[in-house]
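Hi everyone, thanks for coming. Let me put today's structure on the screen, and then I'll walk you through one part of it.

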Amino acid sequence: MPERKKAASAMGELGGRPQRPTPPPRRAVGAATDGAEKRAADEKRRADTARANARLRERRRKAKWLLVFALLCFSLILIYVISRFLGSFFVVGEVKISGDSPYTDSEIISAAGISFGDRLYRTDKKTAVRNITEKLPYIESVSIRIKLPSFVYITVSSERAAFYARISGSYYAVSGKMKVLERADTAGRFEADGLLCIELPPVGSAVVGAELTLADGTDPGYIGTFVSAIEESELSGRISRLFMDERFDTVMSVDGRFRVRFGSDADVATKALAAARVIADGDLGDSWTVVIDVSDPSAIVTVRRDGLD
């Protein structure tokens, strides 16, 4: 009974009704929603800022390339204007020739195609070099330099004739590189220059300014190599004629009375030295013509004859 009274008393104090549980405050749920919305807004703002920055960078990049293109166009126009101005203002006033050449300065200038009064910066150096080497066969290399206000400098180097040969009724001077340098109707000037006369194998073509070719297609370089080796030997300057019409039976006339048989064109320096030593020994007499066979330098054979065949 006392317990019932207490419960009734408690209910009376609370207004006579039983009390329900207090619901969670509505403000906490609203705060969480506000926070999510704020984060979403921040993310959107950052995304918008990133897109705006990207568009700005793209505009700057395009502006940069447009500026570069504009500067390039301006530079090209400026170069064109300057070149036109220089081309009309600076002209060829002096051409200076230097280097080793059998040609006169006038011949070189004429071959180059350069004329006094031509526009300096319109001088085509490549064409001038080609013209000189094609028209002047002795010229081996050419360099051309232009200098303001009116100078053209041409430097040349030349090949020299190593020997001459009679081909199809004409006489041709040939370099050690087997380039045909000159053609003549007689051998007089070549002999006066002290050139060695060579009997060649059948020739395919001999065109001045081009390399000599042999009829059988063999590389003629071995002939130039042979001649170079002889020029460096003790027989240099003493050879009156060289017979190379048969490659493996090369023969030369030395001092007008010795015929030296080399056989092949191998070991030329050794064979030339052996022949020079035999001649220098002086045991061959003065009234005989002598054939010296050095095709095998270790077994030299000498034969005295009344005359050379």
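Let's start with the open sheet of 9 strands, which has mixed pairing and the order E6-E5-E4-E7-E10-E11-E12-E13-E14. At its edges are strand E6 (180-184) and E14, each pairing on one side only. Neighbouring strands here are turned by 25° against each other on average, direction ignored.

A word on the source: this is a predicted model, where local features need pLDDT of at least 70, side-chain atom pairs count only at pLDDT 80 or more, and totals for chains, interfaces and linings use all residues. Residues are numbered from 1 along each chain as its sequence is written, and side-chain values use heavy atoms, with hydrogens and water left out.

For the terms, helices (H or I, at least four residues) and strands (E, at least two) are DSSP runs numbered from the N terminus, and strands pair if DSSP finds at least two bridges between them.

Strand E10 (residues 239-243) runs antiparallel to E11, joined by 4 bridges. Leu242 has Met252 in E11 as its bridge partner.

Now, helix H7 (residues 268-281). Its 14 residues should span 20 Å at 1.5 Å a residue, and its end C-alpha atoms are 20 Å apart, so the two agree; the expected span is 1.5 Å times one less than the number of residues.

Which residues of H7 are buried? Among them are Val268, Lys271, Ala272 and Ile279, buried meaning under 20% relative accessible area (1.4 Å probe, protein chains only). Their cover includes helix H6 (221-231) and strand E13 (289-293), with contact meaning heavy atoms within 4.5 Å.

Technical notes: Buried < 20%, exposed > 50% of the residue type's maximum accessible area, 1.4 Å probe, protein only. Axes fitted to C-alpha atoms, helices over the stretch in contact; angles between N-to-C directions.
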